[in-house]
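Hi there,

Here is the structure we talked about, ready for you to open. My notes on what turned up follow below.

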Amino acid sequence: MSLFFHCVHVKFCSSTAASGMYKIVRPAVGESLREMPLAELKNKYRKLSSIEKARSGWEDEYEVSSKQCMHGPKCKLANYCTVGRRIQEVNVLGGLILPVWGTIEKALSKQARQSHKRLRVVRLETTADNKRIVGLLVPNAAVETVLQGLSLSLSL
């Protein structure tokens, strides 16, 4: 069990002696899917000597990651960027959506960013009451357009 530091990113690493590979756990996003060999870990990060420094860095990054992306306060996308954010607010359209699928598809096609034009079905769990929801992900930038399209289709 070791704590490593890279720039402002604190990581917790643990290894099973047999594999020689280290699991990486980050305060913002939790356990990484990828394991890392010790040589790569030592090359990319430096080991912290004090558990207090590690605890302080971990707690700071954990707190900041609930409100800010990993790019920091000067990110060009500001609040729209969710890369590395621990808590994300998303818009999911659920329920009986097949009758309005084409309307949603048309509204998303008007978006500037290519990633906002795709229809994505998502499954998520809410933080407040642990409810599971399945529906279409509606990017923040597309909410108004989708709502306008739905209100027009419902009024017909």
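This is a predicted model: local features need pLDDT of at least 70, side-chain atom pairs count only at pLDDT 80 or more; totals for chains, interfaces and linings use all residues.

A disulfide needs the two sulfur atoms within 2.5 Å, so C81 is in no disulfide either. The structure as a whole holds zero disulfides. Both cysteines are tucked away from the surface: C69 is buried, with a relative accessible area of 7%, and C81 is buried at 5%.

In soluble globular proteins, nonpolar side chains tend to be buried together. Here the largest nonpolar core has ten residues, among them I97, V100, L108, V138 and V146. At least two residues of this core come from each of helix 3 (101-109), strand 8 (132-138) and helix 4 (143-155). Helix 3 gives the most, with three. One core member, I104, is in contact with L93, L119, L136 and L150, leaving aside its neighbours within four places in sequence. There is also a second, separate core of five residues, including Y22, M36, L41 and Y45.

Finally, the largest pocket holds about 530 Å³ of space. It is lined by 20 residues, and those closest to its centre are Y80, T82, H116, L137 and P139. By type, the lining divides into nine nonpolar, seven polar and four charged residues.

Definitions and conventions:
Residues are numbered from 1 along each chain as its sequence is written. Side-chain values use heavy atoms; hydrogens and water are left out. A nonpolar core is a set of buried Ala, Val, Leu, Ile, Met, Phe, Trp, Tyr and Cys residues joined through side-chain atoms within 4.5 Å. Buried means under 20% relative accessible area, exposed over 50%, partly exposed in between (1.4 Å probe, protein chains only). Helices (H or I, at least four residues) and strands (E, at least two) are DSSP runs, numbered from the N terminus. Contact means heavy atoms within 4.5 Å. On a 1 Å grid over the protein atoms alone, a cavity is a set of points where a 1.4 Å probe fits but cannot get out, and a pocket is an open set with protein on both sides within 12 Å along at least five of seven lines; lining residues have an atom within 4 Å of a point. Grid points are joined across faces, edges and corners, and a volume is the space filled by probe spheres set on the points. Ala, Val, Leu, Ile, Met, Phe, Trp, Tyr, Cys and Pro count as nonpolar, Asp, Glu, Lys and Arg as charged, and the others, Gly among them, as polar.
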